[in-house]
There are 2 protein chains.
Amino acid sequence: MVKPEERILITDLYELTMAQAYWAHGVIGQATFSLFVRDLPPERGFLVAAGLEDALRFLEDFHFSPEALAYLESTGIFSRSFLDYLSTLRFTGEVWAVPEGALVFAGEPILEITAPIIQAQIAETYVINQIHLQTMIATKAARCLIAARGRGLVDFALRRTHGVDAGLKVARCSYMVGFQATSNVLAGKLYGIPITGTMAHSFIMAFSSEEEAFRAFAETFPERSVFLIDTYDTLEGARRAAQVALEMKQKGQRLIGVRLDSGDLLALSREVRRILDEAGLPEVRILASGGLDEYRIDELVRAGAPIDAFGVGTRMGVSEDWPWLDMAYKLVAYEDRPASKLSPGKASLPGPKQVFRFYDEGGQMREDLLALREERIEGGVPLLEKVMEGGRLLRPHPALTEIRERFQRAFGQLPEPYKALRDAPRYPVRLSPALEALANTLAARRGELGES
Amino acid sequence: MVKPEERILITDLYELTMAQAYWAHGVIGQATFSLFVRDLPPERGFLVAAGLEDALRFLEDFHFSPEALAYLESTGIFSRSFLDYLSTLRFTGEVWAVPEGALVFAGEPILEITAPIIQAQIAETYVINQIHLQTMIATKAARCLIAARGRGLVDFALRRTHGVDAGLKVARCSYMVGFQATSNVLAGKLYGIPITGTMAHSFIMAFSSEEEAFRAFAETFPERSVFLIDTYDTLEGARRAAQVALEMKQKGQRLIGVRLDSGDLLALSREVRRILDEAGLPEVRILASGGLDEYRIDELVRAGAPIDAFGVGTRMGVSEDWPWLDMAYKLVAYEDRPASKLSPGKASLPGPKQVFRFYDEGGQMREDLLALREERIEGGVPLLEKVMEGGRLLRPHPALTEIRERFQRAFGQLPEPYKALRDAPRYPVRLSPALEALANTLAARRGELGES
């Protein structure tokens with residue numbers, strides 16, 4: 001549990017040592033840092049930008065509490081006068097960002113911070129941490145959405161997400177892209193996401209029979225029961241569930257569904273559907289869970305499995321096939337001097353930027369142009385918005401439901417080929433001639449310096 | 001940021017709905033749940049148990065605050081009388097656990113909780129979440145230790161861990177198994193871990209030349225500078241670092257090291273070592289970072305790369321090759337009645353258990369025997385300890401340095417073959433005849449029921 005007064009310490013030490021060296025040498029000018037993903041994994045045709053709200057909240061609340069300063073002093077690394085300087089430091093900069101729920105591609109800035117370099121430097125670690133996690137998860141969850149083709153999705157990931165913060169952000173980001181609910185109770189409280197759940201095997205086992213367990217649960221929750229039927233034998237479990245469902249029906253209640261959690265989900269869902277239908281229970285839904293991700297959901301849906309909703313847990317919650325993105329936060333300008341880095345495989349493009357998005361006549365995305373921020377590009381819709389100025393938010397944080405709607409609209413504009421779960425074509429992102437010229441000039445100049 | 005009064009809501013909803021159904025039906029007896037990893041990934045020859053302290057702190061503090069209850073009431077899911085019951089609920093159970101830093105294998109309980117079933121059920125999600133994350137990361141970090149063969153390791157993962165909680169736990173668990181330090185400042189404060197860091201490319205780029213940046217940093221931190229030398233050209237960077245290091249030497253200061261962060265780390269480390277040695281700077285160390293994990297470190301060390309220490313980030317911090325473990329928390333007994341689950345691929349063994357570890361004459365681990373807890377096994381050293389009784393800790397939480405020492409000892413007792421980074425043999429874990437008999441009896445009995 002991180003206390004608010006400790007939040008500023010969620011940083012790599014070098015942000016703070018660099019800050020002291022900047023400060024001691026009068027390197028206190030305006031810097032622009034750009035946050036972007038260098039390359040997309042082959043299994044990702046797009047990214048869903050997410051995490052901005054947490055990044056902005058960090059900047060709004062940016063300050064070194066007495067408790068944080070006392071710890072820094074205890075390390076013996078920092079000078080007293082620098083710690084005094086930190087004690088009054090606030091974030092006073094400007095932030096441009098892609099709104100949460102919008103789609104981005106490799107090399108496109110998701111967020112750019114322009115601020116006195118010490119502020120922008122100290123913000124690095126937390127800002128990457130949150131936007132990295134949430135963009136990765138929103139993207140992974142959106143892929144589940146593609147695979148599910150309209151069937152329901154719920155987030156069951158909390159127990160195996162990487163810690164509590166991840167558990168909350170997985171609930172938030174999966175809901176953002178269209179999941180219906182989460183099992184995570186605290187996420188329900190914090191984000192207003194509908195919460196849902198079924199029952200565990202332990203519940204069945206704590207009663208002397210499966211039927212007794214079903215009956216007990218239905219008595220307590222006559223309107224919201226989903227029976228887990230695979231504890232001993234799935235088909236026997238389905239028959240017992242059907243029996244209890246019929247008893248409920250006689251009382252005017254309704255069994256919402258049954259859950260399959262192991263075995264051959266395709267074959268079992270067909271047999272269970274048949275058992276339920278033959279019992280006159282076509283309204284009882286089938287929920288499947290257990291090791292699901294977009295690949296497995298895609299197989300089941302393509303095969304026509306009669307599954308109404310999927311409970312998606314671990315593999316979505318840890319973005320199992322790609323549990324990280326190559327996200328960087330790079331200095332692109334210092335005191336109006338554009339900057340770029342030339343390290344092999346890690347080169348960055350100079351200058352504050354804007355992404356201009358072009359649509360075809362049907363409203364479908366056609367291509368993006370990555371340009372310098374001050375360029376005026378005819379016909380392109382700018383993607384980054386100015387969201388903070390002088391350290392103040394320029395608009396309230398949008399509600400999660402609003403972000404969810406934005407994602408729905410944006411996703412509808414992405415042509416189908418880019419939604420392929422594997423080997424999606426690369427969405428076209430061109431560089432503006434001005435940006436390309438600047439990058440080349442800088443590379444050539446540095447090359448000369450390198451040989452001097 | 002989770003507030004202490006919200007912590008109890010870090011749970012799947014079904015824990016609470018099951019609780020209400022248990023409560024409504026008088027299912028309030030003592031239950032034992034066992035937490036274990038079903039199977040190890042092929043790349044894991046062992047696991048390092050970790051996360052117990054956080055799990056126990058949750059149980060010590062187990063209570064529903066007025067704020068938590070108000071949210072639960074607002075959902076409309078729970079009855080007023082059940083919420084009243086929750087308002088006075090505390091954890092009063094017993095916990096047996098493998099101490100943090102000890103080694104465990106597939107199927108062995110890491111923790112067992114015996115408590116009134118409602119308490120033990122509600123604890124499930126948080127307890128798994130923390131022990132899963134920390135065991136996974138401690139194990140991954142221990143593999144880096146194997147690969148590094150005595151060279152230094154530091155944790156640089158924070159920016160791309162899955163959220164803040166993961167960042168803290170990665171620092172904790174990597175230090176637990178022998179990392180020297182972390183870049184994570186808050187982890188330094190919370191866990192007393194040494195903090196360390198170098199500089200970023202932005203620092204170099206904010207100055208008008210690389211040399212000027214090096215000199216500025218050295219002036220501010222004459223005793224703790226590590227120069228990042230790959231911003232423009234690594235070998236040029238090394239020459240400039242050497243020059244500044246010589247200036248420092250003349251002032252009686254010492255450059256600690258240089259950091260390589262891109263390119264061919266083997267070839268570059270050799271050339272940089274030569275540049276430093278030829279400049280008369282054999283004491284300047286080489287630190288490497290950038291995409292490292294146990295596999296890459298192993299290659300570099302085997303090839304004799306003159307790298308003194310590795311900064312390990314993302315791939316360790318997300319356990320990139322296996323970002324989850326198949327960890328479960330299963331009911332194994334209810335009111336002295338052993339229980340087991342038969343779901344295909346997810347069967348569990350009944351009864352409270354103990355792991356007895358056998359060592360050879362040289363003190364090396366030979367095999368484990370998984371037995372019922374009440375069995376007395378000659379010559380085997382029991383692995384699980386009773387750490388909580390009546391909801392109270394039986395000993396203070398051990399210091400992280402103490403856990404670190406325990407890991408060192410335990411790891412020294414694991415025979416080398418099980419430390420292979422790939423295709424390690426399976427460490428022998430036998431079942432006691434009594435446990436095997438009980439499991440068979442239960443399976444047969446359930447089989448009969450299944451056909452009834």
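What follows is a short exchange about the chains, the sheets and the helix packing.

Reader: Before we dig in, what kind of model is this, and how are things numbered?

Author: Residues are numbered from 1 along each chain as its sequence is written, and chains are lettered from A and ligands numbered from 1 in the order in which they are written. Local features need pLDDT of at least 70, side-chain atom pairs count only at pLDDT 80 or more, and totals for chains, interfaces and linings use all residues, the model being a predicted one.

Reader: Which helix gives the largest share of the side of chain A that touches chain B?

Author: Counting contacts as C-beta atoms, placed from the backbone, within 7 Å, 90 residues of chain A meet 90 residues of chain B. By class, chain A's side has 45 nonpolar, 28 polar and 17 charged residues (Ala, Val, Leu, Ile, Met, Phe, Trp, Tyr, Cys and Pro are nonpolar, Asp, Glu, Lys and Arg charged, and the others, Gly among them, polar). The largest share, nine residues, comes from residues 13-24 of chain A, helix H1.

Reader: How do H2(A) and H6(A) run relative to each other?

Author: Helices here are DSSP runs of H or I with at least four residues, strands are runs of E with at least two, and both are numbered from the N terminus. Axes are lines fitted to C-alpha atoms, for helices over the stretch in contact, with angles from 0 to 180 degrees between N-to-C directions. H2 (52-60) and H6 (124-148) of chain A pack at about 160 degrees, axes 8 Å apart. With under 35 degrees counted as roughly parallel, over 145 as roughly antiparallel, 65 to 115 as roughly perpendicular and the rest as oblique, the two are therefore roughly antiparallel.

Reader: And which residues of H6(A) does H2(A) meet there?

Author: The contact divides into six nonpolar residues, one polar and one charged. From H2(A) come Leu52(A), Asp54(A), Ala55(A) and Phe58(A), and they meet Tyr126(A), Val127(A), Gln130(A) and Ile131(A).

Reader: Over in chain B, which strands stand at the edges of the seven-stranded sheet?

Author: Strands pair if DSSP finds at least two bridges between them. The open sheet runs E13-E12-E1-E5-E3-E17-E18 in chain B, with antiparallel pairing. Two strands have a single partner each, so one side of each is left without a neighbour in the sheet: E13 (337-338) and E18 (392-393) of chain B.

Reader: What is the bridge partner of Glu389(B) in E18(B)?

Author: E17 (385-389) of chain B pairs with E18(B) in the antiparallel sense over two bridges. Glu389(B) has as its partner in E18(B) Arg392(B).

Reader: How is H7(B) set against H15(B)?

Author: The axes of H7 (163-176) and H15 (400-412) of chain B come within 8 Å and cross at roughly 50 degrees. That makes H7(B), relative to H15(B), oblique.

Reader: Last one: what is the bridge partner of Ser289(A) in E11(A)?

Author: Chain A has an open sheet of six strands, E7-E6-E11-E10-E9-E8, with parallel pairing. Three bridges join E10 (285-289) to E11 (309-312) of chain A. Ser289(A) has as its partner in E11(A) Gly311(A).

Methods
Two residues are in contact if their C-beta atoms, placed from the backbone, lie within 7 Å.
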